[in-house]
Amino acid sequence: ISPPKWLTNLDQKIRFIIVGGVGTSIAWLVYNLLYLTLPIEPKAIIAWIICYLYSVAQNHTLHRNFTFFTTKSQYLPELMRAYFAYSLGLFVSTGNHAFLTQQYEISHQFSWFVSTLLSIICNYIMLRFFVFKVPQKSSQ
């Protein structure tokens, strides 16, 4: 998949926001479908975890092709690094989501939004420096 020319001309952080926005929108739809169909409680937390695990593969593929342009790297090892990297975001955001929805009984939609913002910060750092490593240029 080749990214559109206009996207390749943008700064990497801007591409991350655009591509991540598309991926996050899809993840929000998946989360809500799960939340509405799950027959057991705590629905908000279970839907969050299932959706998060699904969205790692989805967002990895999107960022691989449209943000970091690393399609020459082997997909599976890179995806495994992504799951490892996203585990930090999963830990932080799930704890936050559980805390907000269970302790403070805040709306699961608002909590989803706040938890996603925390996850985005963790994930960008981990993706940029661990998953999609940019080769260092030699100074010779």
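Predicted model: local features only at pLDDT ≥ 70, side-chain atom pairs only at ≥ 80, totals over all residues.
Biologist: How many helices does the protein chain have?
Modeller: Helices and strands are DSSP runs numbered from the N terminus (helices: H or I, at least four residues; strands: E, at least two). Along the sequence, the pattern of the protein chain reads α-α-α-α-α. There are zero strands in the protein chain, and the number of helices is five.

Biologist: What box do the C-alpha atoms of the protein chain fill?
Modeller: The box is taken along the principal axes of the protein chain. Its dimensions are roughly 60 × 30 × 25 Å.

Biologist: At what angle do α2 and α3 pack?
Modeller: Axes are lines fitted to C-alpha atoms, for helices over the stretch in contact, and angles run from 0 to 180 degrees between N-to-C directions. The axes of α2 and α3 are 8 Å apart. The two helices are therefore roughly antiparallel to each other (angles over 145 degrees), and they pack at an angle of about 150°.

Biologist: Which residue classes make up the contact of α2 with α3?
Modeller: Ala, Val, Leu, Ile, Met, Phe, Trp, Tyr, Cys and Pro count as nonpolar, Asp, Glu, Lys and Arg as charged, and the others, Gly among them, as polar. The contact of α2 with α3 divides into 16 nonpolar, seven polar and two charged residues.

Biologist: Where is the cis peptide bond next to P42 placed, and which residues does it join?
Modeller: Most peptide bonds are trans. P42 is found in the loop between α2 and α3. The bond there has an omega of about 0° and is cis, joining E41 and P42.

Biologist: At what angle do the axes of α3 and α4 cross?
Modeller: The contact of α3 with α4 comprises 15 nonpolar, 10 polar and two charged residues. The axes of this pair come within 9 Å, and they cross at roughly 145°.

Biologist: How far apart are the closest N and O atoms of E78 and R64?
Modeller: The structure holds one salt bridge, defined as a side-chain nitrogen of Lys or Arg within 4 Å of a carboxyl oxygen of Asp or Glu. E78 belongs to helix α4 and R64 to helix α3, so the pair ties together parts that are 14 residues apart in sequence. Side chains of opposite charge can pair when their charged atoms come close. Between E78 and R64, the separation of the closest N and O atoms is 2.5 Å.

Biologist: At what angle do the axes of α4 and α5 cross?
Modeller: Helix α4 covers residues 75-103, and its axis comes within 8 Å of that of α5. The contact of α4 with α5 has 15 nonpolar, 10 polar and two charged residues. The two helices are therefore roughly antiparallel to each other, and the crossing angle is roughly 155°.

Note on methods:
Residues numbered from 1 in each chain as written. Heavy atoms only, no water. Parallel < 35°, antiparallel > 145°, perpendicular 65-115°, else oblique.
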